[in-house]
Amino acid sequence: MTGFGQTGPYAPRPGYDTVVQGMGGLMSITGNPDGAPGGGPRKAGIAVADQMTALYADVAVLAALRERDRSGLGQHIDMALLDVQVAGLTNLGLGYLATGRVPPRAGNRLATVYPSDSFRCADGDLMIIVANDAQFRSFCAALGMPQVADDERFARNADRLRHADDLALLICEALRERPIAECQAMFDAAGVPASPINDLAQVFADTQVATRGLV
């Protein structure tokens, strides 16, 4: 396991997670858009290239053991942080290869569905992802604004993506004076995926985290 693998012009270089996040494209798609407050590329908050490479190596070791059991032959594993980071671009990497369009940074928004963003509530921030048109109708009903679901600008996901900024203003207005607990209960009842953006103290105090024995 190395930064750049056993072959190629970069093979002799030392490699660390943040260097590979930059070189492998992750920082170019992480962070707020240029021109927005806090705009610019950002690393992920944890060493994702390191951790993904370790997981890929686990899979490779298991595959090598299966080959040993089948044929008696050993295997040589050449695992590189950069290789794994490029593979980890997944749908965004595939989108670029298919279209030639370089994806911009979009903050907490997804490029494929909207609403998919963080929103400020009265006592913190809430992450919401509305994955389809039926869910959007439930989302609007829960917020007490069913007329928004009938607005031609927002009726279909493709329309919502085109008019995301307009829709974001309406959602921000509807949520800004509500506490997170109220919003979470409201969206849970409506079947809309949502969660508070927790700090680590809140993470380790969370009932689900405790119940699953994650500590």
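Q: What does Leu175 touch?
A: Leu175 touches Phe119, Arg120, Cys121, Ala122, Ile128, Leu143, Cys183 and Phe187, leaving aside residues up to four places away in sequence. Contact here means heavy atoms within 4.5 Å. This is a predicted model, in which local features need pLDDT of at least 70 and side-chain atom pairs count only at pLDDT 80 or more, while totals for chains, interfaces and linings use all residues. Residues are numbered from 1 along each chain as its sequence is written, and side-chain values use heavy atoms, with hydrogens and water left out.

Q: What makes a set of residues a nonpolar core?
A: The members must be buried Ala, Val, Leu, Ile, Met, Phe, Trp, Tyr or Cys residues joined through side-chain atoms within 4.5 Å. Buried means under 20% relative accessible area, exposed over 50%, and partly exposed in between (1.4 Å probe, protein chains only). The largest such core has 26 residues, and Leu126, Ile128, Phe136, Phe139, Leu143, Leu175 and Phe187 have the most contacts inside it.

Q: Which elements give two or more residues to this core?
A: They are β1 (116-121), β2 (124-129), α5 (133-142), α6 (146-150), α8 (164-175) and α9 (180-190). Helices (H or I, at least four residues) and strands (E, at least two) are DSSP runs, numbered from the N terminus. The most comes from α8, with six residues. Apart from this core lies another, of five residues, among them Val20, Ala49, Leu81 and Leu82.

Q: Why are β1 and β3 called edge strands?
A: In the open sheet, the order is β1-β2-β3 with antiparallel pairing, and β1 and β3 (194-196) each pair on one side only.

Q: Why are the buried residues of α5 said to line one face of the helix?
A: In α5, Gln135, Phe136, Phe139 and Cys140 are buried. Seen down the axis of α5, they fall within an arc of 140°, and therefore line one face; the arc is that of the directions from the helix axis to the C-beta atoms. These buried residues pack against β2, α6, α7 (157-162), α8 and α9.

Notes:
Two strands pair if DSSP finds at least two bridges between them.
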